[in-house]
Structure formats: C-alpha cells, structure tokens
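Me: Could you help me learn to read a protein structure? I would like to take one feature at a time.

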Amino acid sequence: MRIATLLGLLLLTMSAMPAATEPLPIETTFESNHLDNQNYVVTVDLGTLPARPVLVVEAKTIAPHEPGRDIGLDIYAYNWQFHSNHPGPNCYAPSWAPSGVGIGEAKLEVSLIECDPRPGFLAGETVDITVMVFGMTFLNPTELVRITIRGETRVPTGTSAQQVDTVLSNKTAIIPASKDTVLYSEAPNASNGAGQSLWAGRYQSLPTVGLRRSLLAFDVSSAIPPVSTIDAAKLTLGVIGVAGPGGPLSVHRALHGPTMHWDEGNADAPGSEITGAASGWPAADWQYRSRPYEAWSAPGGDFLAAPLVETLVSPPQASSLLDLSSEELRASVQEMASTGADDDGFVLEGPDTPGAVIQIASRESTPGQRPTLHVDYTKNEIYESGILHTGVVTFVDEGQNFRWIYDVDHDDIAVTSIGGLCQVVDPTPSNFLHYTYRYQGSPGYTGVDCCVWQIDAPQTGTIGTGQALFFHNLDASDPANMPPDTDQDGIRNPCDNCAQVPNGPLRGSCLSGTLGTICRSNSECGAGGICSLSQEDANVDFTGDACAVPESSPVMGLVAGVGVLTAWSRRSRCPPAHSAHWSVFQ
C-alpha cells in the first residue's frame, strides 16, 4: 500500500515541476503540511556540481519528535535531463532513498563519476529532487525539515605503497622466457607462438626443404633494476631432439624494428611442430616481425650476425639441458637491464647442413625444460618502479596552479624527505602513469619515504595528484606502519607540505575569499576564492601556502629551498614543514 501511495504522490509532484532551475549548494527549511500534502520540490542545475561529482541530498527534521510520532522522509531524484553524450553506461536513473519510519532523516547519494570525468560535462543539464514527509496527523499537521543539496568531489588519493628492497649485495634472478616462436622459410606466413617446440637448423623432407629459426625474449627490465651491474648471464635451453648429424647452435641478439617489436602470436603447429601453422594477426613469421603491420628488413628476422654464444649439439645430447654463457651474452643482458630494451631478445640459429635440425623446448613445454635466463647482478642503489592508472588516481582541481613538491629546479623530479628521487613519466597519450623511485641514503634506514606528483591527462581534461609511499625495513602491509594523515586531506604527513591544514585532493582550505574555510572547489571560497587542493607552494620553500606562513620572494624561496636540500644531505633530510621525519608509526 505504501509503495502505491508513494508512486501516486510522486506522479502528483512531477505534474507541478518548477520552471526555473537552482544552482548548488541549496540549503533551505521546508514546512510540510499534512492538510495539503505539500512536498519539497526543486529542479537542480547539475552544471553547478564540482568535477568528479557525487550529488548529495540530505533531509532532517528540525524539532525533536513528539512521543509516539513516526516521521519518515523519502528522497527522490528523477527526470534527469541531459544533452551530452557521456561514455559511461546508465549514467542516470531514478534514485530513491527511504529513511524508514521514525528516523526523521534521510540521505541520498548519486555518483556521477562513472559517467564522464571531464570538467563541465553536466553544463545545462538538470535533475528533479523531491523530499516527501510521512507520519503527520491532524493533531500535529506540520513538520519542519532542513534540506541540503550539494555536490562532493569523490576521489581516491592515488596512494601506492611499496616494500623497498634495501639489500645491495649480489643477487641472482632466474627469468623465464616471456615470448617465443618459430620462423619457417618455406612457409612465410607460418609460426608457432603457442607451440611446445622451438626449432633451429635446415629441415629436409623432400620435396620440402627450409630453414628454421626461433625467436625468444626475456623480461629482463622487470626482474633487474636498471641501476645494476650484471656480473654474469647464462641461458639455459632444453634440447628435446636432434635430427640428422646435429651441428652448431648459436644465439644472436635480435634487432628492434623501425616502429615495433616482434609478436609471438597464438599459432600452435601440429605434431612435432617441425612444420608451422598459419599465423594469426599480429604474429611474427619469416616475412613479418608483426604480420601484417611491419616486415623484417631481411626475411628470416633481423639480428646481429656475430653470435653472442655458440655450442655444438649432436644426437646424443637429445633430452639434455644446455647452459650457454659468454662475455658477449653478459654485455647484451647488461644493455637490456640498463636501457629496458629487452622486447626483441634473441634469435636461435642452427646448423646449415641439410637435414640437421635441433628441437628445443618452448616456454609452453614441460617445466624444467623451458628456456630460462640466469643473471647474477649487483644492485648499485635502491630502485623501485610502479604503474598507476590515471582513471583511478586523478581528480580535478579547477585549473589551480599545482607545483611539484620538493622540486626546486622544476625538472619534474621531486626530491623527497630522506634523499630519494622520484621521477614520473607523462601518461599522455596512455592512461598509465609510470614512476620510478631511487633511494640515495643509507640502506639501513628504517622509515617511509614518499613521492607526490601531478597527473595531467588531456584526453579527459583531468588534473590531479598521486602519491607513492616507500617502506624501508618496515612491513608495508602492517597498518601500524602507515604514516598518518593528520589533516585528512588525502596526502600523508611525510608527503604533505602543510600537514596540519588541509590542502590535498580530499579536503582543501580557502587561500582567498573566506580564508581558512574547508573546501572542495573554488566556488566554496566565495567570489574570487581559491581552494588549495594541490599542495600549492608559491615561493617553493617547502611549506604549503595553506599553512599561512608569510611568503617571501620566489628567488629567496628558491635559495632557501637549495639550502634546505643541502641540510637534508648532511642531517636528517626532513622537509622544514615537519618537526621530524617518520621512522616507526604508532
């Protein structure tokens, strides 16, 4: 019965919508009268919502309820009027927030973040809000209700926590092959990227005669930090068959193409896989490094003629493991680790004698026989890297002037509180933000370092912040070790240039207009107001403007900043905005 009554009242309310729209925020007191069934109705201008918004409607009775009186408040958002094309599915739908009987308050939240992250995307669009009051009687026919309708910017802070490896002694990385395939000369569009065998040599089964070469690569850059010295490298291959007299097996460095690397593809050849299967797209074959997009400069693959390492393989060596190492192989792996250029890997070339072919286990073969690269290395400094997705970490700050924290020379490398360097790669045009952290202090340090950056993604029009925390000799998964966020602005204290006053993505403070007011957008600070949401530091003195510290000239601030950096290198390396750097967090 109540649902039917609610629907009837809603239809009655919808028939008398006000023509004009009202901007946000809306704060009003509404007197509901039982005798005329009057409900609060307003059409909201969605264009006045902040970026990445959640529409919030709150209703609460003002006076305490009389004993025995049950007051219910229901909130409806419906009749969404939008004019733009939004990428998010099902952006708008009628929303209802019942309070239940006897509570006297209700709250409705409608998230619009998923619809479209661009600023101003709701301009000219509206929604109708109705607040219904239930439980009044003829003896007590009226009820006063306070109604607030506002927008909130909702966003995670983009925090990444990483356990730092502080050990700089010699280490060994065992790296499995990341991709491999076979090239067949007599079948230019055949490959074997998903097969269990690699082949190298000259196949002969009249009337078929053809060369076999194999490609394989290893993800060296993910396993070994670029600030490492490669002491030794060993390539282990599982030989599972030798046809004919056998002969030399050589490993060559594959060369990168003009625009792309070779693709493994998903072809799986039949039987012994000595003959290939038609390669799907994209895939490497005898003619293409990635069919149909880019051909090899010479059919059969592009590689250096001089082998990195070479060995003789004869029929008795079937079902054995080969361990191949050389100074040339070590130097090649060093280059891969230092530059990250490991996507093309190696080419395996076999004997040129007709009928002599060597069969090698692929990465899809039996464990224990798969290709592996064993690398002994020494890490010269602490180095960590990671990736954040800009769709998760961005927030819009209404075009305010963001400055990199601790970036004295404005080279987009932020100097952190204990002597580390954090560099961020511009995500444009990708949605992924790559960052690297290089620690230059003592490996025995116990505490947390941080990096804070700006994210600018022109494809969505968003600007925001992200922060990474790096735990030295502390358990990153233990909540007790997580540094506090005293002002709850989304930036942890070691990263925050004004840890006592909000100036981060979740909560800000008005720098002008109504000074000191907590805000989420410039409009909340009044005419000409500026809401500090991005760690503003006009004179680059490492103390945020929101702390209301008297600002000196930019030149003096720069000199002071350099002096502070020098002091950090000699002492505790704490930013002057904090009284001490964090070691163990309670």
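**Reading the disulfides**

Reply: Let's start with one cysteine: Cys-510 has a relative accessibility of 4%, so Cys-510 counts as buried (buried is under 20% relative accessible area, exposed over 50%, partly exposed in between, with a 1.4 Å probe and protein chains only). This is a predicted model, where local features need pLDDT of at least 70, side-chain atom pairs count only at pLDDT 80 or more, and totals for chains, interfaces and linings use all residues. Residues are numbered from 1 along each chain as its sequence is written, and side-chain values use heavy atoms, with hydrogens and water left out.

Me: Which residue does a disulfide join to Cys-510?

Reply: A disulfide is a pair of cysteine sulfur atoms within 2.5 Å. Here Cys-510 is joined to Cys-525, with 2.0 Å from S to S. Cys-510 lies in strand β30 and Cys-525 in the loop between β31 (518–519) and β32, so the pair ties together parts 15 residues apart in sequence. Strands (E, at least two residues) and helices (H or I, at least four) are DSSP runs, numbered from the N terminus.

Me: Is Cys-525 buried or exposed?

Reply: Cys-525 is buried, as its relative accessible area is 1%.

Me: How many disulfides does the structure hold?

Reply: There are three. One of them links Cys-498 and Cys-547, and the torsion about their S-S bond is about 120°, so this disulfide is right-handed. By contrast, the link of Cys-510 and Cys-525 has -90° and is left-handed.

Me: And what is the handedness of the link of Cys-519 and Cys-531?

Reply: That link is right-handed, with 95° about the S-S bond, and both Cys-519 and Cys-531 are buried.
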